[in-house]
Amino acid sequence: MTETTQPGGVLIGSSGQPEILRLDRANRHGLVAGATGTGKTVTLQILAQGLSDAGVAVFAADVKGDLSGVSAPGEPGEKMLARARSMNLELVPQAAPTIFWDLFGEQGHPIRATVSEVGPLLIARMLELNDVQEGVLSVVFRAADEEGLLLLDLKDLQAALTYASENAAALGARYGNVSTATVATIQRKLLVLEDQGGARLFGEPALDLSDFMRRDANGRGYVNVLAADRLIASPRLYATFLLWLMSELFEVLPEVGDADRPKLAFFFDEAHLLFRDAPKSLLEKIEQVVRLIRSKGVGVYFVTQNPADIPDAVLGQLGNRIQHALRAYTPADQKGLRAAASSFRANPDFSTADAIQALGVGEALVSVLDEKGAPTVVQKTLIRPPVSRLGPLSPAERAAVLAASPVRGVYDTAVDRESAFEVLQARAAAKARMEAGEAGDRAPAPRAPRSTSGARAPSAGRGRQTLTETFAKQFLRTLASSAGREILRGVLGGMRRR
């Protein structure tokens, strides 16, 4: 047992008594809120390392680059040592086992998903499509599935959209109106996504979620840190990507009920981006995932400036709460402050609303779930100092962590296998060859030259026969390949549902 943990829980800080996040209630989700500069990132680092020491894997987005310090031993100054002494703690510098990830593959291992895995709903969210455009995109996915066209990366999706545009009348007769103008709009928005770096997300090898739930040789859970300082510049891509990760965990993991500790703690920094301008259907999906994913052994922790950033239906699912200082300069701020104060179980010794405004850096109001699953009375808490480094790693230190990573070499090189783009290219080439052969049939047959030996040159008819045979073989290979992929996808889909 390390000093970051207590029996059965993670030490958050002291309110005169230890404030502990119980491991058997850590899957009931949580909230870390507070204004910029009040200590949210340090609190996130403390929770991540404490859960890791308790054998729980952690995923967290590193928006500012500071969280990377969790992978290096701390260098406590006098103020941190004094705070530790006031809590009867002895700081022993220690790094957490860490795996770095990066959507762009620059500061960590690349994270990829196939276009089919992400699906039309979330891709429509990334592209900011309206309802009509989202409907056409769903038709493209359906048609690709029925045609046996694997959608793995963005060039596959572009090819499928071109196919839909060229066959708009036939698809419209089956699925409803498919406007070529709407398809063209989606294609233009895909170009914008590519310019934002979104093409890096799609492809293979796709992420195996079991790599997020690793433990080291000492039984500590790995802290998976996503470099998001560049990704956050595309907030819609950032939020949708993290929602996809959360949804995949919900779909893939088996039911475990209320275990003695979670399998994974998922920290969603800048959580307000997830809910900004989200359509009702997406909000309902988020609420469903948050409500049900705890039975899969996953705790979701939203990190944001104000609890008012999160819809009430989701906020009501967050049992463990750490509230840093809020400032109320405007009427909207005051409304958010009152909402934050009212969400806590009141302490008769102080006014929660007044206390939130008076908190200093490194202080918070804390209410966690007790052994019965009920929220504790809110307490003014001095947050404990971390044992890992405060601040970012240097590029050389990050490179050393990557070199020792347990997934080194697994995701670093992209794989581009045959999929929709290649299949549709082959079909187009075969069609062009067939049309060229038909044009040859219509042209006047030239007189065959006679050689000096009296033998004739090969006839045009034989050339046409060879072209027809070639096209027929290509068509049969494509048909067989499509049928095989359809069968394989059905088998894998059945396995996944089980």
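**Exercise 1. Is Val 377 buried, partly exposed or exposed, and what is its relative accessible area?**

Solution. The model is predicted.
- Step 1: take the relative accessible area of Val 377, which is 26%.
- Step 2: apply the cut-offs; buried means under 20% and exposed means over 50%.
- Step 3: conclude that Val 377 is partly exposed.

**Exercise 2. Describe the surroundings of strand 12 and its pairing with strand 11 and strand 13.**

Solution. 
- Step 1: pair strand 12 with strand 11 (residues 320–323). The two are antiparallel, with 3 bridges. Ile 322 has Val 366 of strand 12 as its bridge partner.
- Step 2: pair strand 12 with strand 13. They run antiparallel and are joined by 4 bridges. Here Ala 364 has Thr 381 of strand 13 as its bridge partner.

**Exercise 3. Count the aromatic pairs, then classify Phe 268 with Phe 302 and Phe 275 with Phe 302.**

Solution. 
- Step 1: count. There are 10 aromatic pairs.
- Step 2: take Phe 268 and Phe 302. The centres are 6.1 Å apart and the planes make 25°. Planes under 30 degrees apart count as stacked, and this pair is stacked.
- Step 3: Phe 268 lies in strand 9 (residues 264–269) and Phe 302 in strand 10 (residues 298–304), so the pair ties together parts 34 residues apart in sequence.
- Step 4: check burial. Phe 268 is buried, at 0% relative accessible area. Phe 302 is buried too, at 0%.
- Step 5: take Phe 275 and Phe 302. Their centres lie 6.0 Å apart with the planes at 50°, so this pair is tilted. Phe 275 belongs to helix 9 (residues 272–275) and Phe 302 to strand 10, 27 residues apart, so distant parts of the chain are linked. Phe 275 is buried, at 9%.
- Step 6: widen the view. One aromatic cluster contains Phe 268, Phe 275 and Phe 302, along with Phe 59, Trp 101, Phe 212, Tyr 238, Phe 266 and Tyr 411.

**Exercise 4. Which residues of helix 14 are buried, and where does the charged end of Arg 398 sit?**

Solution. 
- Step 1: list the buried residues. In helix 14 (residues 395–403), these include Arg 398, Val 401 and Leu 402.
- Step 2: find their direction. They span an arc of only 100° around the axis, which puts them on the same side of helix 14.
- Step 3: find the cover. It includes strand 6 (98–102) and strand 7 (109–110).
- Step 4: follow Arg 398. Its charged end sits over the ring of Phe 100, 4.5 Å from the centre.
- Step 5: Lys 296 lies over the face of Phe 250, 4.6 Å from the ring centre.

Conventions. Residues are numbered from 1 along each chain as its sequence is written. This is a predicted model: local features need pLDDT of at least 70, side-chain atom pairs count only at pLDDT 80 or more; totals for chains, interfaces and linings use all residues. Side-chain values use heavy atoms; hydrogens and water are left out. Rings of Phe, Tyr and Trp (its six-membered ring) pair if their centres lie within 6.5 Å; planes under 30 degrees apart count as stacked, over 60 as edge-to-face and the rest as tilted. Buried means under 20% relative accessible area, exposed over 50%, partly exposed in between (1.4 Å probe, protein chains only). A charge sits over a ring if NZ of Lys or CZ of Arg is within 6 Å of the ring centre and within 35 degrees of the ring normal. Two strands pair if DSSP finds at least two bridges between them. The arc is that of the directions from the helix axis to the C-beta atoms. Contact means heavy atoms within 4.5 Å.
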